[in-house]
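Subject: Structure for you to look at

Hi,

Here is the structure I promised to pass on.

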Amino acid sequence: MIYLDYSATTPVGFEVLDTYNKTSKDFFGNPNSLHELGVKSKSLMNSATKQIAEILNINETEITYTSGATMANNMALIGLAMHNYKRGKHIIVSKLEHPSIYVICDYLESLGYEISYVNNDDEGLIDFEDLKKLIREDTILVSICAVNSELGIRQPLKMIRQIIKKENPNTVLHSDMTQAVGKVSISMHDVDLATFTAHKIYGPKGIGLLYKNNNIELTPILYGSGKTNMLNPGTPALPLIVAFSKALRLATTDIEKRERFIERLNLKIVDALKKYNGVMINKTKYSIPHILNISLRNIKAETFLHALEEFEIYVSSNTACSSATLSSSVMAVYDDKVRASSTLRISLSHLTTTDEINKFIMYFNEIYRKLSGLHN
């Protein structure tokens, strides 16, 4: 098997799984309980939270655990909108967001909020001048992902935040950092709100995180009993939290070294595929090497995906959470419907081997020649 869909999800690391199993076995007490087992579990949860806070260089009180990035995005955007509805109802998002952001924006729009979409340049970077023009007195929130999930375009969040705060100091910047954490260096201090999930960094599915600067207030969108966090009440998922902490520590170790290795694999694929007239490489100078997007002329992406699957090679078409026929991200950067109508996303990891890439290139060539021959 050759797995090249790491941006959709990652396998759980052995050490992470071991941590999950041990926590499930030895710390089954409810962290909200007052007896000895509960206190023991609460202490372990606090240790895990402290480790996450140290890794991210934030306060422990700024962490809210969620079921994943989608839940965290809902808490951030809806919670911020609800808390600030009297001050304003204007929200700005980029055209390069994960589908979950757009669905949330559609919901907020149905409640009377106004959504503006900021333009990007030919390289996929946010158009700073357009952003400046869009920010108003009633702009309560700007949401821009740290790294785009389809093209891997990385945004300069620190600069974006400076522009926003200069135009309106009260406007909050949220960033979906799902595709950035564990791949490139990030700083939570470049934003006011941030979200990401464990299953993209070799952690278990079902656990994510909302970073909320202590100066930011959100209205809870969930209600229930529980003493741990008012934004997400209920019994904390202790084994998932501790495994998340372990996964984050491992994923943020040797990032630069891993990135250099992945860059070499990325370039190897690009060099092999750019020779085909019917293959377009959707990559800008701001794309991180972990994500490589290509477009196919006259071949349906789904057909190619399943042809690769016959050789146990797994890639994505658009993002895993998108069912759209057109890639919105490719459209935003290239403004080309043909290019956006048949895209494949190849996502790499430090676990990917050179041998796997060589085999992928070999089978790609075989499949491409077979399928393109149908149209000659």
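Before the helix pairs, one convention: an axis here is a line fitted to C-alpha atoms, for a helix over the stretch in contact, and angles between N-to-C directions run from 0 to 180 degrees. Please also keep in mind that this is a predicted model.

**α9 against α12**

Start with helix α9, residues 301-309. α9 packs on α12 at an angle of about 130°, and the two axes are 10 Å apart. Angles from 65 to 115 degrees count as roughly perpendicular and those over 145 as roughly antiparallel. The pair is therefore oblique. Its crossing is right-handed. On the α9 side, the contact uses Thr303, Phe304, Ala307 and Leu308. On the α12 side, Phe360, Phe364, Ile367, Tyr368 and Leu371 take part. Eight of these residues are nonpolar, one is polar and none is charged.

**α8 against α12**

α12 spans residues 354-373, and helix α8 spans residues 255-273. Their axes come within 10 Å and cross at roughly 15°. Angles under 35 degrees count as roughly parallel, so α8 and α12 are roughly parallel to each other. This crossing is right-handed. α8 contributes Phe261, Leu265, Lys268, Ile269, Ala272 and Leu273. α12 answers with Thr354, Ile357, Asn358, Phe360, Ile361 and Phe364. By class, that gives nine nonpolar residues, two polar and one charged.

**α2 against α7**

Next, helix α2 (residues 36-56) and helix α7 (residues 238-251). They pack at about 30°, with axes 9 Å apart. α2 and α7 are therefore roughly parallel to each other. Here the crossing is left-handed. From α2 come Ser41, Leu44, Met45, Ala48, Gln51, Ile52, Ile55 and Leu56. From α7 come Leu238, Ile241, Val242, Ser245, Lys246, Leu248 and Arg249. The classes are ten nonpolar, three polar and two charged.

**The two domains**

The domain assignment gives domain 1 as 14-251 and domain 2 as 254-375. Their C-alpha centres lie 28 Å apart. How many residues of each domain are in contact with the other? Domain 1 provides 25 and domain 2 provides 26. About 2300 Å² is buried between the domains, and carbon and sulfur atoms give 58% of that area. On the domain 1 side, look at Glu150, Leu151 and Lys183. These three supply 32% of the area that domain 1 buries against domain 2, more than any other three residues.

**Methionine 331**

Methionine 331 is found in helix α10, residues 328-334.

Best wishes

Notes. Residues are numbered from 1 along each chain as its sequence is written. This is a predicted model: local features need pLDDT of at least 70, side-chain atom pairs count only at pLDDT 80 or more; totals for chains, interfaces and linings use all residues. Side-chain values use heavy atoms; hydrogens and water are left out. Helices (H or I, at least four residues) and strands (E, at least two) are DSSP runs, numbered from the N terminus. A crossing is left-handed if the near helix is turned anticlockwise from the far one by less than a right angle, and right-handed if clockwise. Contact means heavy atoms within 4.5 Å. Ala, Val, Leu, Ile, Met, Phe, Trp, Tyr, Cys and Pro count as nonpolar, Asp, Glu, Lys and Arg as charged, and the others, Gly among them, as polar. Domain bounds come from an automatic or database domain assignment. Buried area is the accessible area (1.4 Å probe) that two parts lose on being put together, summed over both.
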